[in-house]
Amino acid sequence: MSIMSNAKRALAIAAASATLFSMAACGSSNAAGSKSDSSSAASSGKIEVVASINQWGSMAKDLGGSNVEVTNIMTKTNVEAHDYEPTSQDVAKFGTAKVAVVNGADYDPWATKAAQSTKATLVTAAETAGIKEGDNPHVWFSAKVRSNTADAITAAYQKADPSHKDDYAKFNKDWHAKEDQLESKIKDTSSKTENLPYAATESVAWYLADDLKMTDATPKGYAQASANESEPTPADIKDFQDTLKAGSIKMLVFNSQEANSTTDQITGAAKDANVPIVELTEQMPKQYTNLLDWMSALVDQFAAAVK
């Protein structure tokens, strides 16, 4: 899994902190503009919501309907949240929100820091399932985290806007009905994928593969290098290529958002060995506006890749 370096992470957090301090201390024109935006949202009767990444923002919208105004900070697949450096405008959005939804598990520390410094009710997806810093942070791929986060967002809405409590309960029920359909598809697909050995260029989709009851067979040296934020050695890469050629790995999961010369060698070996490749991205692609639709499409990709 690709994770932002400690230095860059510290800079991102410092930037968020500095901007919040500046806004609070100086009453800058940006802060005044944010207050105006907040007043506009308040006059519309909608809850102002900010989400660090678009996959959680899509859920926040589904659970709030026309009663909420959701702003997503990250919406593109060409920049990772690990590496994202917030602008003053990004941080200001957290300052005016009533509800903030972040990923947690040190995936978007800049967003967590910005939200904690405001009066917004904070929903941290990873924490809803006890996932902490050091664990795999790509938690939107987990059925358990999605379900728990949905309930946490609904609770935040009902707290912020009790007059529409029944509306939020209905939105929650409708959302869970769709999640249940997705989990039913995952269960059906797992009859094909259970115990299927797969490998991954990064552990981005580990939770989804686990829900599909697959077995992670990524060569140990390569997997450890990825987890330790280091480059795999030539020996690690050769071991991965040789394992693919040997035929013990039945599927390769490739994060195209982090394509480089190393992953080119790995995917090339998979193609030469006729190992099916499931290609995905870390952030939700622009053709999807709904987290569950994206997950459903990915399950279909896994099912289609099974020989």
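The legends below describe several close-up views of a predicted model.

Residues are numbered from 1 along each chain as its sequence is written. Because this is a predicted model, local features need pLDDT of at least 70 and side-chain atom pairs count only at pLDDT 80 or more, while totals for chains, interfaces and linings use all residues, and side-chain values use heavy atoms, with hydrogens and water left out.

**View 1. The protein chain as a whole has 12 helices and 8 strands.** Helices (H or I, at least four residues) and strands (E, at least two) are DSSP runs, numbered from the N terminus. Of the 307 residues in the protein chain, 50% are buried, where buried means under 20% relative accessible area, exposed means over 50% and partly exposed lies in between, with a 1.4 Å probe and protein chains only. Among the contacts in the protein chain with a separation of 6 or more, 66% join residues 24 or more positions apart, a contact being heavy atoms within 4.5 Å.

**View 2. Helix α3 (residues 54-64) is mostly covered, with 9 of its 11 residues buried.** The buried residues of α3 are N54, Q55, W56, G57, S58, M59, A60, L63 and G64. What covers them includes the strands β1 (47-53), β2 (68-74) and β3 (99-102), together with the helices α6, α7 (165-193) and α12 (291-305). After α3 comes G65, whose phi is positive, near 55 degrees.

**View 3. Q55 and G57 are two residues of helix α3.** Q55 counts as buried because its relative accessibility is 0%. Leaving out residues up to four places away in sequence, Q55 touches W140, E282, Q283, M284, L291 and W294. The side chain of Q55 also reaches the backbone oxygen of E282 at 3.4 Å, which falls under the definition of a polar contact as a pair of N or O atoms within 3.5 Å; within protein, one atom must be able to donate a hydrogen and the other to accept it, and residues adjacent in sequence count only if both atoms are side-chain atoms. G57 likewise counts as buried, at 1% relative accessibility, and, leaving aside neighbours within four places in sequence, G57 is in contact with A51, V70 and N72. Although G57 and T289 are 232 residues apart along the chain, their C-alpha atoms are separated by 9.3 Å.

**View 4. Helix α6 (residues 143-160) has a span that agrees with its number of residues.** At the start of α6, a side-chain oxygen of S142 reaches to within 3.3 Å of the backbone nitrogen of K144. The buried residues in α6 are A143, V145, R146, S147, T149, A150, I153, T154, A156 and Y157. An α-helix has 3.6 residues a turn, so residues three or four places apart point the same way.

**View 5. Helices α3 and α6 cross at roughly 50 degrees, and their axes come within 10 Å.** Axes are lines fitted to C-alpha atoms, for helices over the stretch in contact, and angles run from 0 to 180 degrees between N-to-C directions. The two helices α3 and α6 are therefore oblique to each other, since angles under 35 degrees count as roughly parallel, over 145 as roughly antiparallel, 65 to 115 as roughly perpendicular and the rest as oblique. In this pairing, W56, M59, A60, L63 and G64 of α3 meet V145, R146, T149, A150, I153, T154 and Y157 of α6.

**View 6. Helix α7 meets both α6 and α12.** The axes of α6 and α7 come within 10 Å and cross at roughly 175 degrees, and the two helices are therefore roughly antiparallel to each other. The axes of α7 and α12 also come within 10 Å, crossing at roughly 10 degrees, which makes α7 roughly parallel to α12. On the α7 side this contact involves W175, K178, E179, L182, K185, I186 and T189, and on the α12 side L292, M295, S296, V299, D300 and A303.

**View 7. A105 and N274 have a positive phi although neither is a glycine.** Most residues other than glycine have a negative phi. For A105, in the loop between β3 and α5 (109-116), phi is near 60 degrees, and A105 counts as buried at 13% relative accessibility. For N274, in the loop between α11 (261-272) and β8 (277-280), phi is near 60 degrees, but N274 is exposed, with a relative accessible area of 57%.

Notes:
The expected span of a helix is 1.5 Å times one less than its number of residues.
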